[in-house]
Amino acid sequence: MNAEEIARAERDAASRLNAAATLDELRGAELEVLGKRSALAALNHRLKDLSAEERKARGQDLHESRQRLLGLTAKRRDELAAAERQQRLAAERMDLSEVLPGRPRGHVSLVQQTRDELEDVFVGMGFAVAEGPEVETDWYNFEALNFPPGHPARSGFDTLYLNWGAPESTLIRPHTSPVQIRLMQAQPPPIYAVMPGRCYRKDTPDARHLPAFNQIEGLVIDRGITFGDLAGTIDTFTRAYFGPKISSRLRPAYFPFTEPSAEFEVTCAICEGSGCRTCSGTGWIELGGCGMVHPNVLAAGGIDAEELSGFAFGFGIDRLAQMRHGVPDMRVLLDNDTRSIRQF
């Protein structure tokens, strides 16, 4: 027996292992090439016929060959197990897009449809679309937006804080306004952008409120921007999205991040202004807030308030879908009731 015989036996064994196409075939090949009746076992039995020096050298060769074959067996076992797992997953995969006879085809939710339409409207008005993280820091969500430390919105009664870092330093955003700060820091003016996204508040669900909702905000920063530009933008959007029968109005309000500020409302699409449960009998539905960006907010975004000005606005996408399609109770949007879903 010499080293070449051992090498030839190892090559034959490796070829047999590599040829195995399934785990069962591999188990059979492993028994054949590494078992008691294998070629390596026969060579190992012949060691007793060698001199002490040759026995030591050939014994070492046989040991190394066996270890390499064991390693190859383990590698092939992993490869074949992975392949069989993929085949099983492919065979058991459910095609959720398959339309079965008598079953309705799925489609995009009403809220997502509304978000897509809003983006199209604002892009048509010259705005870009920007997005940001849903988990935010206290600085981006409050301090940079000119919320003083004692502001009620910072309270745990309104804001959902996360158990991460220092107490009340991290939260899931209650509005998409932090994206405005990130955008001002990321690009120089002029800025014309809208920021859609999901938000979270400790609101009790009712006809006009949900604890998890979708919001879209807008930001304009440029030279010579006035409140008149803001009012014109709101009016243009209202007519473009709702049509000429729905009008908007601005009412004075207070927000820490804008000055002067206003709330904007649109004619209630449910009662067309005559008064109903949805609009609390007023004939108007508040969509959101707006105003001229506060100089402190501009400074937090790295913008000189002496040279530039701007306005911001924001409103709920869910509420807009409610108004556009005459949904009397916003909770219907979360019910997954097929009687409602099929209407949109």
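Predicted model: local features only at pLDDT ≥ 70, side-chain atom pairs only at ≥ 80, totals over all residues.

Residues are numbered from 1 along each chain as its sequence is written, and side-chain values use heavy atoms, with hydrogens and water left out.

**Stop 1: the sheet.** Select the 7 strands of the open, mixed sheet, in the order β1-β5-β6-β10-β9-β8-β7. Strands here are DSSP E runs of at least two residues, helices are H or I runs of at least four, and both are numbered from the N terminus; two strands pair if DSSP finds at least two bridges between them. Now colour β1 (128–129) and β7 (248–255): these are the edges, each with a single partner strand, so one side of each has no neighbour in the sheet. Zoom in on β7 and β8, which run antiparallel and are joined by 7 bridges. For one of these pairs, pick P252, whose bridge partner in β8 is A262.

Stop 2: Buried means under 20% relative accessible area, exposed over 50%, and partly exposed in between (1.4 Å probe, protein chains only). Centre on F237: leaving aside neighbours within four places in sequence, its contacts (heavy atoms within 4.5 Å) are L118, V121, F122, M125, F315 and L320.

**Stop 3: α10.** How many of the 9 residues of α10 are buried? The count is 7, so the helix is largely enclosed by the rest of the structure. Select I317, D318, R319, L320, A321, Q322 and M323 to see them. They pack against α5, β5 (191–200), β6, α8, β9 and β10. Just after the helix, check G326, with a positive phi of about 65°.

**Stop 4: the surface.** Finish with V135, L162 and W164, a nonpolar surface patch with about 320 Å² of accessible area together. L162 sits in the loop between β3 (160–161) and β4 (170–172), and counts as partly exposed at 32% relative accessibility. Patch residues have over 30% relative accessible area and no salt bridge, with like charges joined within 9 Å and nonpolar side chains (Val, Leu, Ile, Met, Phe, Trp, Tyr) within 5 Å. A salt bridge is a side-chain nitrogen of Lys or Arg within 4 Å of a carboxyl oxygen of Asp or Glu; areas come from the Shrake-Rupley method with a 1.4 Å probe, and for residues only the protein chains shown count as cover.
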